[in-house]
Amino acid sequence: MPWNNQSGGGGPWRPNNNPGPWGQGPSGGSGGGGQTPDLEELLRRSQDKLKQVMPGGFMSGFGIGLVAVAAVGIWLASGIYTVQPNEAGLEMVFGRFTQRTENGLRYNWPAPIGSVVKLRVTDRNSIDIGFRTREDPRRPGNQTQTDVPEESLMLTGDENIADVKFRVIWQIDGSKPQDFAFNVRDVRETIKAVSESAMREIVGRTQIQKILTAERKVIEPAAQDLTQRVLNDYKAGVQILQVQLLSVDPPEQVIAAFRDVTAAQQDLDRLRNEAEAYANRVVPEARGGAARILQEAEGYREQTVAEARGQASRFSQVYEQYRRAPDVTRERMYIETMERILSGTNKVIVDQNSGQGVVPYLPLSQLDPSAAPAQGTGQGAGPSSSQGGPRR
C-alpha cells in the first residue's frame, strides 16, 4: 500500500490532526473524505469492470475477436479518401488500374489491397529548353539565367547555326490521366526530349534569315503540333498548351555581323516600300493624265467631224437652193456676207443727195478703232438707217 494511504494518518510527513502541507486539510471536507484518488485504485477498478465484460480477459477468444473486429473496422475505414476539384483520382486494386474518380469523397480498398493515385490535371507546368533559371542565393528573389548550349544550338536549313531558346507549357490530359500515370516513367524528361527534337526538325528545314525575322510566328505552332503528335503516339497523357520562342539569335561569335545584315535587310525593305509607295502615287497620276489627254483628243475629233459634217450639209443645202433660184441665192449670199463683214466695223453713210458743193464732215477721230463708235453727226452728213443700205 502507498505511503499516503497507510493507516494512522496522512503519511510520515503529516500529523494525524494536520494532513495538509500548510497545516490545513484538503478542501472539500474533513477527515478521510477529502483525500486524493489513488491511480492504482482506479486501474484496479477498471480491470475489475473489464473482467465483468470479458470473464476470460483480453487473452480469451471473445477479447481477441473484439480486438480483431476493431482492427478490421479501422483498416476498412482507412480506404476513404477525398479528391479535390483540381484533381483526378485513379483507383487500383492489387496494382491494376480499375477506374477514374472525380472530385468528392470516395472509397477504395485500403492498402495493401488497393491504392489511389491523385493527379492535378488543371495545373500548368513549364519546361525551359536551352537555358536554366535558378534562384540567386546571394540576392533572394532574383533569378539568374544560365545558357545550355548543347540544347539551344541548332543547325538551320542553309547550314548555319542558330541559338534557339524556348519554353514548353503543358498540363496533364484530363481525359486520359491514367496514360500519364502508367505509360511513361519520367514525363518531364520525355516532354523535354520530344519538344527539343521537334524544334530541331523544324529549324533544320528553315533558313536562318527567316527564323530571325518573319518565320518565328510560324515555328511556334508547328513545333507545338509536332510535339503533341509524337506524345500522342507515346500515349503520354499530356496536352501541350503552348510553345514560346523566347529568343532566336545567331551564335555569340557572329551575332554582331548578323545584326548588321539584319539592319541592312530592314533598310532594303524600307527603301523598297518607299519606292513602291512612290510608284503607286505617280503611276495613277500619269495614267489619269494620259486618259484625260485621250478624252480631250476624242472630244476634239468628234467636234471637228461634227462641224465639218454640218458645214458640208449646209453647203449642200445652199447649193440646192442656188440651183433652183440662182439670182435670189446670189443676192442673199451677198447680203449675208456683207452683214457679217460690216457688223464688226464702224460705218459712215454719206447721202449723195444732200446737196452740191458741200463738203461732208467726217469724224475721223471717232473712226479710230480704239475710240468710241462715231455718232454720225455733222454738217450735211448724218446717219441714215432708213435710206437704203449699201449698193452693189
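This is a predicted model: local features need pLDDT of at least 70, side-chain atom pairs count only at pLDDT 80 or more; totals for chains, interfaces and linings use all residues.

Residues are numbered from 1 along each chain as its sequence is written, and side-chain values use heavy atoms, with hydrogens and water left out.

So, the overview. The protein chain has nine helices and 11 strands; those are DSSP runs, H or I of at least four residues for helices and E of at least two for strands, numbered from the N terminus. Of the 392 residues in the chain, 22% are buried. Buried here is under 20% relative accessible area, exposed is over 50%, and partly exposed is in between, with a 1.4 Å probe and protein chains only. As for contacts, meaning heavy atoms within 4.5 Å, take those between residues at least 6 apart in sequence: 59% of them join residues at least 24 apart.

Now the core. The largest nonpolar core has 36 residues. By nonpolar core I mean a set of buried Ala, Val, Leu, Ile, Met, Phe, Trp, Tyr and Cys residues joined through side-chain atoms within 4.5 Å. Which element gives the largest share of this core? That's α5, with seven residues. Other elements supplying at least two residues each include β10 (161–172), α7 (216–234) and β11 (238–249). Val164 is among the residues with the most contacts inside the core. Leaving aside neighbours within four places in sequence, Val164 touches Ile129, Ser152, Met154, Met199, Val203, Leu245, Ser247 and Val248.

On to the sheets. There's an open sheet of three strands, order β3-β2-β5, paired antiparallel. Two strands count as paired if DSSP finds at least two bridges between them. β3 (96–101) and β5 (114–120) are the edges, each pairing on one side only, and the twist averages 25° from one strand to the next. β2 (residues 87–93) and β3 share five bridges, and Leu90 sits opposite Arg100 in β3.

Separately, β1 (residues 80–83) runs antiparallel to β4 (residues 104–107), with four bridges joining them. Val83 stands opposite Gly104 there.

Next, the helix pair. α8 (residues 255–324) and α9 (residues 326–342) pack at about 130°, axes 5 Å apart. Axes are lines fitted to C-alpha atoms, for helices over the stretch in contact, and angles run from 0 to 180 degrees between N-to-C directions. That makes α8 oblique to α9, since under 35 degrees is roughly parallel, over 145 roughly antiparallel, 65 to 115 roughly perpendicular, and the rest oblique. Contact residues include Tyr322 of α8 and Met333 of α9.

Last, the backbone. Most residues other than glycine have a negative phi, and most peptide bonds are trans. Here, Ala111 to Pro112 is cis, with omega near 5°, and Pro112 lies in the loop between β4 and β5. Glu159 has phi near 65° and is exposed at 67% relative accessibility. Lys235, in the loop between α7 and β11, has a positive phi of about 55° and is exposed too, at 54%.
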